Amino acid sequence: MRVVVDTNVLVSALITEKSLPAHLLTLWREGYFELLTSQSHIAEMMRATRYPKIRARLSIATAGRLINELRDVATILNILPQISLSPDPADNYLLAMAAAGGADFLITGDKRDLLALRIHAGAKIVTVREFLLLHRQLP
């Protein structure tokens with residue numbers, strides 16, 4: 001199963017160790033699904049983990065380890081289509097990753113924009129909780 005995970009979910013996983021996003025990250029590390037990423041996604045992770053409000057709650061080393069894992073273990077998509085579908089243009093790269101990678105799911109916490117789309121290029125757009133419920137993986 002191929003999955004795109006929004007930056008907001010990955011950052012949440014790092015900040016709160018006993019959370020549904022953290023459990024999702026553990027499932028990826030255990031091989032439950034293939035995580036799709038791109039240079040844009042990795043750059044967004046680097047940017048997001050440097051925001052002062054995030055930096056206050058997250059060590060540089062922890063963020064760096066996940067960024068290295070994305071580079072080394074996740075499937076990096078090098079060519080992304082141009083997509084202009086999200087109400088928030090900053091989220092279009094996630095939709096492009098889902099399309100380019102043949103994702104089954106795009107997991108996000110972005111209720112206003114991405115979740116409202118519900119599906120894109122065959123990828124179901126769901127919350128972490130919905131994904132875990134669908135796959136009977138709630139902790």
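In which sense, parallel or antiparallel, do strand β1 (residues 2–5) and β2 pair, and over how many bridges? In this predicted model, the pairing of β1 with β2 is parallel and extends over three bridges, with Val-4 standing opposite Leu-36 in β2. Strand β2 also pairs with β3, again in the parallel sense and over three bridges, and here Ser-38 is the residue that stands opposite Leu-77 in β3. Four of the five residues of β2, which covers residues 34–38, are buried, so this strand is largely enclosed by the rest of the structure.

Side chains of opposite charge can pair when their charged atoms come close. A search of the whole structure finds three salt bridges. One of them joins the side chains of Arg-2 and Glu-34, with a distance of 2.8 Å from N to O; because Arg-2 lies in strand β1 and Glu-34 in strand β2, the pair ties together parts that are 32 residues apart in sequence. Both partners are partly exposed, the relative accessible area being 26% for Arg-2 and 28% for Glu-34.

A further salt bridge is formed between Glu-69 and Arg-29, whose closest N and O atoms are 2.6 Å apart. Since Glu-69 belongs to helix α5 (residues 60–72) and Arg-29 to helix α2 (residues 20–29), this pair ties together parts that are 40 residues apart in sequence. Arg-29 is partly exposed, with a relative accessible area of 45%.

Arg-47 and Glu-44 likewise form a salt bridge, in which the closest N and O atoms are 2.8 Å apart.

Gln-82 and Tyr-93 are 11 residues apart in sequence, and their C-alpha atoms are 8.0 Å apart in space.

Note on methods
Residues numbered from 1 in each chain as written. Predicted model: local features only at pLDDT ≥ 70, side-chain atom pairs only at ≥ 80, totals over all residues. Heavy atoms only, no water. Buried < 20%, exposed > 50% of the residue type's maximum accessible area, 1.4 Å probe, protein only. Helix = DSSP H or I, 4+ residues; strand = E, 2+ residues; numbered from the N terminus. Pairing = 2+ DSSP bridges. Salt bridge = Lys/Arg side-chain N within 4 Å of Asp/Glu carboxyl O.
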